[in-house]
Every structure is written in structure tokens, then in C-alpha cells.
Amino acid sequence: MISKVKILAICGSPHIEGLSPGLLKKAAEGAREAGADVEVVLLGEKKIKQCIACPSPPCWTSLDCNIKDDDVLSIRKTLDDCDALIIAVPVYFLGINGLAKDFIDRIRPREATGKPVLPIAAAGGTGKGCVKALQDLCTSLTIFGFRVVMPLPATRYNREEAFNEAALRGRKLVEEAKERKPFQGLSEGYNWLYSLPYMNWNLVDELLYLSRIAIEGLRRKGRIDLAEQFAEELISLEKYPENLLERAANLHERTMHAFNTT
Ligand SMILES: Cc1cc2nc3c(=O)[nH]c(=O)nc-3n(C[C@H](O)[C@H](O)[C@H](O)COP(=O)(O)O)c2cc1C
């Protein structure tokens with residue numbers, strides 16, 4: 001049992017202020033309120049070089065790296081030392097952004113510690129990719145031996161709810177971190193991962209989800225008639241699944257446009 005929980009909170013955005021740093025800071029705030037020590041690391045303020053896949057690298061067997069003139073090794077040390085991780089990344093073209101990926105490529109799998117990690121993917125444009133990027137991020141984290149908990153996709157449509165959830169989940173993470181639950185092997189890790197919300201979704205599921213939260217957003221903005229019209233369309237779409245991808249993409253475009261222009 002851990003007495004004072006240490007949490008590392010990493011943001012993969014080049015922005016210091018923005019959607020993903022905002023969500024990260026909210027989750028960190030929640031964790032602090034629940035009694036954790038939280039260190040926030042904004043990769044946008046750090047020097048992060050790309051992995052160059054060098055010959056005879058020390059990184060696979062020890063906490064070392066041939067690249068010494070950037071900040072990654074010191075972040076990796078903090079990562080090793082923490083009890084839990086929060087990581088927020090922005091979504092670029094339906095995947096995680098390059099800076100976050102460069103950092104992830106420099107982490108190495110450690111023994112499966114089962115440290116809990118709260119992952120957040122923030123898609124601030126169309127919203128597309130909030131789930132796809134989250135899935136990619138969570139898969140890497142599972143390979144590194146983390147136990148993914150409470151994955152959070154965030155968009156402009158559910159911005160307020162996402163901020164509230166980030167704070168709540170940050171708080172819950174502290175409880176999760178008090179007891180380590182390592183996996184016996186990667187297969188157990190995968191089983192755990194795919195039991196979580198969003199992890200089994202495909203593009204159609206994501207487009208329907210985005211349409212649903214855009215419709216909820218329209219309702220909140222007072223466009224009840226329009227929201228009801230789209231909601232009926234969504235129900236019929238789920239009932240009669242012919243050409244589902246095409247129809248889901250079309251509904252997403254229209255709900256998003258209506259949300260953005262209201
Ligand atoms: C190159 C690039 C690609 C992007 N691709 C997407 C995308 O596929 N889906 C989306 O919803 N937003 C996309 N965005 C918007 C970002 O997700 C959005 O600006 C995000 O909130 C920026 O994150 P930050 O404010 O947390 O740094 C993209 C932005 C950039 C710069």
C-alpha cells in the first residue's frame with residue numbers, strides 16, 4: 001500500500017495553453033485535491049529528440065539512452081519513479097501528434113508494473129480521431145506495462161463535460177494508484193485494455209458517437225428542433241445499417257456543421 005501517491009502528468013501538445021494542456025491540468029488538479037503529489041510536464045516546454053534507432057542501444061535493458069542532450073531521460077526517470085501517470089495528447093489527422101509520438105518512441109517497456117494511467121486524447125477540430133488516437137495511445141501504454149484506466153476522448157462538443165470528467169478521473173486515479181495490479185503477461189494486458197470503453201470501436205462507432213455528442217451540444221445551445229431531427233436520423237441509422245460508414249460520415253459532417261454554426 002502506497003502512502004503518498006506520486007503522479008506524473010505529461011502533455012504531448014506543443015501548446016502551453018490549449019485543450020489538451022487544459023484537460024491535463026484539470027486532471028492534475030483533481031489528483032492533488034485527492035492528496036497526490038503531481039508533477040506536470042509539458043512536452044512543449046521540453047527538448048524532445050526523435051528516437052534514431054541507434055546500434056547497440058542501452059535503452060532496452062536499462063534506464064539509459066544514447067541521446068543525452070535532451071530532456072527525455074530525466075522524464076523517463078520520473079516516469080519510473082511515479083505511482084501513476086496522466087497523459088493528454090492532441091489529435092492530429094486522426095492520430096496522436098508528432099511530439100507525443102516522438103516522446104513515446106523514446107520510452108521503453110519496463111517490467112509490467114501495472115501502474116495506472118489515465119489517458120486523454122483531445123481532438124479540437126472536427127473531433128474525428130479522438131477515439132482512434134486514444135486507442136493508439138492506450139495500446140502503447142499497455143505494451144509499456146501500464147494499466148490503462150478511464151480513457152477519456154475529448155472534443156469541442158463535449159468540452160465542458162470532458163473538463164469535469166478530467167477532474168473527477170484525476171481524483172479517482174489516486175485511489176487506483178494505491179494498489180499496484182500488474183498483469184501476468186501482455187495477453188492479460190490486452191484483455192484488460194479491450195474490456196475498457198472505446199477500445200473496441202471502429203470508425204463507424206466513432207462517427208456515431210461524435211454525431212451523438214454534437215446533437216447533445218445542439219440541445220445545450222437551445223437548438224431543440226434541429227437536435228431532435230438529427231436524433232431521429234441517428235436512431236434510424238442505427239436501426240437500418242445499410243451503407244453505414246457513408247451515412248455515419250454524412251451525419252457527422254452535418255451535425256458538426258450545425259454545432260459550429262450555431
Ligand atoms: C496538423 C493538425 C492536424 C489536426 N487534425 C485533427 C483531426 O484529425 N481531428 C480533429 O478533431 N482535430 C484535429 N486538429 C485540431 C487539434 O486536435 C486541436 O487544435 C487540438 O485541440 C490542439 O490541441 P491543443 O490545443 O491541445 O494543443 C489538428 C490540428 C493540427 C495542427
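Me: What makes E3 and E5 count as paired strands in this predicted model?
Reply: Two strands pair if DSSP finds at least two bridges between them. Six bridges join E3 to E5, so the pair meets that rule. The two strands run parallel. One of the bridges sets Ile87 against Pro119 in E5.

Me: Which sense does the pairing of E3 with E4 take, and how many bridges does it have?
Reply: E3 and E4 (residues 95-96) pair in the antiparallel sense over two bridges. At least two bridges are needed for a pair, so these strands qualify. Tyr92 stands opposite Gly95 in E4. The hairpin of E3 and E4 has two residues between the strands, and Phe93 takes a positive phi near 45° there.

Me: What other strand pairs with E3, and in which sense?
Reply: Strand E1 (residues 6-11) pairs with E3 in the parallel sense, over five bridges. Leu8 stands opposite Leu85 in E3.

Me: Why is E3 called largely enclosed?
Reply: A residue is buried if 20 or more other C-beta atoms lie within 10 Å of its own. Eight of the nine residues of E3 are buried, so the rest of the structure largely encloses this strand.

Me: How do you know that both faces of E7 are covered?
Reply: Leu152 and Ala154 lie on one side of E7 (residues 152-155), Pro153 and Thr155 on the other, and all four are buried. E7 also pairs with E5 (residues 116-123) in the parallel sense, over four bridges. Ala154 in E7 is the bridge partner of Ala122.

Me: Why is H4 described as largely enclosed?
Reply: 11 of the 14 residues of H4 are buried, so the rest of the structure largely encloses this helix. Among them are Cys130, Lys132, Asp136 and Leu141. H4 (residues 130-143) reaches 20 Å from its first C-alpha to its last, close to the 20 Å expected at 1.5 Å a residue. Just after H4, Gly145 takes a positive phi of about 95°.

Me: Which residues are closest to the ligand, and which elements give two or more residues to the shell?
Reply: 19 residues surround the ligand, and the closest are Gly18, Ser20, Pro90, Gly124 and Gly125. Helix H1 (19-33), strand E3 (84-92) and E5 each give two or more residues to that shell. The shell divides into nine nonpolar, nine polar and one charged.

Me: How many helices and strands are there, and why is the protein called as compact as a globular protein of its length?
Reply: The protein has nine helices and seven strands. Its radius of gyration is 19 Å, close to the 18 Å that the globule rule gives for 262 residues, so the protein is as compact as a globular protein of that length.

Methods: Residues numbered from 1 in each chain as written. Predicted model: local features only at pLDDT ≥ 70, side-chain atom pairs only at ≥ 80, totals over all residues. Rg over C-alpha atoms; globule rule 2.2 N^0.38 Å. Expected span 1.5 Å × (residues − 1). Buried ≥ 20, exposed ≤ 12 C-beta atoms within 10 Å, placed from the backbone. Near = placed C-beta within 6 Å. Nonpolar A, V, L, I, M, F, W, Y, C, P; charged D, E, K, R; others polar.
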